[in-house]
Amino acid sequence: MKNYQIILTAIGSFLVGVSILNGTAQQYVHFAGPENELGCAVIALTMGTLCIFGLDWKGFLTYLTK
């Protein structure tokens with residue numbers, strides 16, 4: 001994946017995780033229980049964190065300095 005794709009995936013994952021934790025996702029998705037809701041939030045936030053680790057930082061920093 002390219003860096004911009006990884007960054008967009010991380011932003012999307014963090015937005016999904018935060019919306020689940022805020023409770024705004026309940027308007028669109030009805031979870032079976034609070035454990036399922038918390039599990040989905042943890043999975044989304046973990047995916048966002050792992051996307052940050054997957055960035056090519058050396059290439060990203062040289063792109064920013066151009």
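At what angle do helix α1 and helix α2 pack, and how far apart are their axes? The close-ups below, all taken from a predicted model, start there.

**View 1. Helices α1 and α2 pack at an angle of about 155 degrees.** Helix α1 covers residues 3-22 and helix α2 covers residues 34-53, and their axes sit 8 Å apart. Angles over 145 degrees count as roughly antiparallel, so that is the label for α1 and α2. As for handedness, α1 and α2 cross in a left-handed way.

**View 2. Here is the contact between α1 and α2, residue by residue.** On the α1 side you'll find Ile 6, Thr 9, Ala 10, Ser 13, Phe 14, Val 16, Gly 17, Val 18, Ile 20 and Leu 21. They meet a set of α2 residues that includes Glu 37, Leu 38, Ala 41, Ala 44, Leu 45, Met 47, Gly 48, Thr 49 and Ile 52. Cys 40 and Cys 51 are also among the α2 residues in this contact. Sorted by type, the residues of the α1 contact with α2 come out as 15 nonpolar, five polar and one charged.

**View 3. Ser 13 is a buried residue of helix α1.** What does Ser 13 touch, leaving out residues up to four places away in sequence? Its partners are Ala 44, Met 47 and Gly 48. The relative accessibility of Ser 13 is 6%, and buried means under 20%, so Ser 13 counts as buried.

**View 4. Cys 40 and Cys 51 are both in α2's contact with α1, but the structure has zero disulfides.** Cys 40 is in no disulfide, and the nearest cysteine sulfur, that of Cys 51, is 17 Å away. For comparison, a disulfide here needs the two sulfur atoms within 2.5 Å. Is each cysteine buried or partly exposed? Cys 40 has 34% relative accessibility and so counts as partly exposed, while Cys 51, at 14%, counts as buried.

**View 5. Pro 34 is an exposed residue in helix α2.** Its relative accessible area is 59%. How far is Pro 34 from Phe 60 in space? The two are 26 residues apart in sequence and 39 Å apart, C-alpha to C-alpha.

**View 6. Lys 66 lies in the segment after α3.** Helix α3 itself takes in residues 57-65. With 82% relative accessibility, Lys 66 counts as exposed. The C-alpha atom of Lys 66 is separated by 39 Å from that of Ala 25, a residue 41 places away along the chain.

Technical notes: Residues numbered from 1 in each chain as written. Predicted model: local features only at pLDDT ≥ 70, side-chain atom pairs only at ≥ 80, totals over all residues. Heavy atoms only, no water. Axes fitted to C-alpha atoms, helices over the stretch in contact; angles between N-to-C directions. Helix = DSSP H or I, 4+ residues; strand = E, 2+ residues; numbered from the N terminus. Parallel < 35°, antiparallel > 145°, perpendicular 65-115°, else oblique. Left-handed = near helix turned anticlockwise from the far one by under 90°. Contact = heavy atoms within 4.5 Å. Nonpolar A, V, L, I, M, F, W, Y, C, P; charged D, E, K, R; others polar. Buried < 20%, exposed > 50% of the residue type's maximum accessible area, 1.4 Å probe, protein only.
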